[in-house]
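Here are a few notes to read alongside the model.

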2 protein chains.
Amino acid sequence: MASTTPHTTPAPLTRASVEAAHTLIKPYIHRTPILTNTTLNNLASTPQAPEALKGTQWEGHEPAKPKVRLFFKCENLQRIGAFKVRGAFHAVLRLVEERGIDEVRKKGVVTHSSGNHAQALALAARTLSIPAHIVMPNISTPSKIAGTQAQGAIVHFSGSTSQEREAIVAAVVEQTGATLIPPYDHPNIILGQGTMGLETQTEVEELLAEKPELGIPGKSGLDALMAPCGGGGMLSGNAVALQPTPIRVFGAEPSFQGGDDARRGVESGTRITTVKTLTIADGLRTPLGDHTWKVISDNEYVQGLYAVTEQNIKDAMKLVLERMKCFVEPSAVVGLATILYNEDFRNMAEREAGEEGWNIGVVFSGGNTTIEAITNIFAHVPEEQAERHEGVVASDGRRVAENVAG
Amino acid sequence: MASTTPHTTPAPLTRASVEAAHTLIKPYIHRTPILTNTTLNNLASTPQAPEALKGTQWEGHEPAKPKVRLFFKCENLQRIGAFKVRGAFHAVLRLVEERGIDEVRKKGVVTHSSGNHAQALALAARTLSIPAHIVMPNISTPSKIAGTQAQGAIVHFSGSTSQEREAIVAAVVEQTGATLIPPYDHPNIILGQGTMGLETQTEVEELLAEKPELGIPGKSGLDALMAPCGGGGMLSGNAVALQPTPIRVFGAEPSFQGGDDARRGVESGTRITTVKTLTIADGLRTPLGDHTWKVISDNEYVQGLYAVTEQNIKDAMKLVLERMKCFVEPSAVVGLATILYNEDFRNMAEREAGEEGWNIGVVFSGGNTTIEAITNIFAHVPEEQAERHEGVVASDGRRVAENVAG
């Protein structure tokens, strides 16, 4: 089918390709900042209260005591509010290199998405004066449709099923000759997202050279990187970027309604191709694709996948908003939630990092949510859980004495 | 009364004193970042829709067309999440200089506050191993009490009236010999807060030297600074810091229930000493004091005071959270709300800045709010207004095409 033809000759999935991608897209993206936070370092380096493990698979186990320093890569401050511009710019610029700008301007690009990838592709296309066709479900919220149109994209409506969506994409391709830029499962998208890994590695090294006290004593860079995993474009890109370095790469997913498809697939040895979850981490509801599976299921690239509950995500989000003063979407904090609340990860980190401890890069993938959406998410926390949460943060031995600290 | 005795010989209110304060407190505070945002620059530089002026004092007037570039000083990322640590550290360090550390450690410091100043003083005192007594109304929320205690402060409870409060402060002073560190109306507090003005001036100059495209073409620094005004410690501090420079200083207040006491006082020539407003900008509910009035009512120091509605504050807050991805408290955005929505300010800026335009520093004073508080604030927006707001942002000619841009 036309719409699934790879749009360009793919570059090999190597760090060198990620570096080439970075050179290509750098003028169009923000070099987003790294933030650190003493409160979150302290929380992550303090054992959970035994009561916090009640009702979980770790009930009765001794809580782990990892020692970590966290470095948050703030892609919520990226253009369009999410990392997706990296892959979109890279895919479009590579297409232009291969076909020539005139050809691409004549035929345009197309994708199906109602989320961050649609905005990202629309921005990349507008920047290069290329027509962008975005296929969106006709039930999309008016503000998302308006937002995509405000980027100058041509919106096509489809039904909500993937068949209906692909039929409209195919029709657009047939009418216009536009090239499909898929949201995650393409080498050029993966390589584009991986540029974040390069930046995180370098920026943390620069930061530690200037302020060594922000990290584990005696260490000049990262020991690990933790990234959320949905379709896996960003996680696999980071893994490719960091594969030849000693930095270990971990992925984090929501467990709700089987949203941890990558973890389960890797555990069983078979890719899971269908996921139906309504997790609040709505950017992570998609299964892995062919390309991303290949990277993520390879232990040389990704050293572990972990899952967290909806409550873990809410707790982490509350900390990031209220303590770090960073506005993030739920998908963005799944990595931090893993570091704070997943005892499998915490035990592994304690074991592997030892007395010394680890410097961990943590990807905040995006910040595209609304006050209304946050209100809805937190309105559903039952009173009792809300109380417990206050307790966990304020009085279980992981006390938070200071709101913001760098 | 003991509790209102000035605690040290005050330094003169000059830029040199602010510079000395900066040297003193620098090791204890964060040099908070300056953020810029293309979307907000574009919104602020686009005339409001005539419909947006309906029902205001500017109905029927032609909307102003100022040209501005905004530089946000992010004191929400300051220690304890607000600028208040600047004044608190300065006052305590000056007290130590004057009385000696042993004396101050023996007797301690005291204040009455349930807000950011309490946390700030507690942190400053804890850092220097000085006992801190904080008098809080016994109706304070448990989390605020716990937060202050977690800073190591000794909490004393009082009734809610200022008489009850002052009686407890006086009792603490009598029992312990502690020195009162007032929340805003003292030269050392004013000078401490003013350090923010020095940083903002310098940081914007550094930023423009590196990236001139972020500012008005051809300009190497700020033309103006806009700061929120409650008790006026921070506004007057900034005004003192910038008085010998060509940078103009403006203050912003909430108009709700007479919250614009500084503006009304200056207009009438007489300080307003009592304010009873329940504005959502809860950091700005206090009247000016003697010292802050003297600076703020002097046109050589503060060139204008402006007020905004509760809806203006909500609209600005929504933009800062959702578009800038910055977590701020309502008081923090009153300056931005003025720049976006107050036609008196906008007309003045258009007139004074001319064709060329202005680089304006905008103080985000703090970020100490909660998801719960935000939910409550926005739950009270009637459906119709919420719709109108969406319209103003998305489709009235001040379109927002991109979520985040630096």
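1. A word on terms before the helix pair: an axis here is a line fitted to C-alpha atoms, for helices over the stretch in contact, and angles run from 0 to 180 degrees between N-to-C directions. Please keep in mind that this is a predicted model.

2. With that in hand, look at helix α3 (residues 84-99) of chain A and helix α8 (residues 187-210) of chain A: their axes come within 7 Å and cross at roughly 130°. Angles of 65 to 115 degrees count as roughly perpendicular and those over 145 as roughly antiparallel, so α3(A) is oblique to α8(A). The crossing of α3(A) past α8(A) is right-handed.

3. Which residues make the contact? From α3(A) come Lys84(A), Arg86(A), Gly87(A), Ala88(A), His90(A), Ala91(A) and Arg94(A). On the side of α8(A) you will find Asn188(A), Ile189(A), Leu191(A), Gly192(A), Gln193(A), Thr195(A), Met196(A) and Glu199(A). Sorted by class, the contact of α3(A) with α8(A) has 5 nonpolar, 6 polar and 4 charged residues.

4. Now to the cavities. The structure holds 2 of 30 Å³ or more, and the largest cavity has a volume of about 50 Å³.

5. Chain A lines the largest cavity with Leu321(A), Phe327(A), Ile371(A), Ile374(A) and Thr375(A), and chain B with Leu321(B), Phe327(B), Ile371(B), Ile374(B) and Thr375(B). The elements giving two or more residues to this lining are α15 (371-379) of chain A and α15 (371-379) of chain B. By class, the lining has 8 nonpolar and 2 polar residues, with no charged ones.

Definitions and conventions
Residues numbered from 1 in each chain as written. Chains lettered and ligands numbered in written order. Predicted model: local features only at pLDDT ≥ 70, side-chain atom pairs only at ≥ 80, totals over all residues. Heavy atoms only, no water. 1 Å grid on protein atoms, 1.4 Å probe; cavity = no way out; pocket = protein on both sides within 12 Å on 5 of 7 lines; lining within 4 Å. Points joined across faces, edges and corners; volume = space filled by probe spheres on them. Helix = DSSP H or I, 4+ residues; strand = E, 2+ residues; numbered from the N terminus. Nonpolar A, V, L, I, M, F, W, Y, C, P; charged D, E, K, R; others polar. Parallel < 35°, antiparallel > 145°, perpendicular 65-115°, else oblique. Left-handed = near helix turned anticlockwise from the far one by under 90°. Contact = heavy atoms within 4.5 Å.
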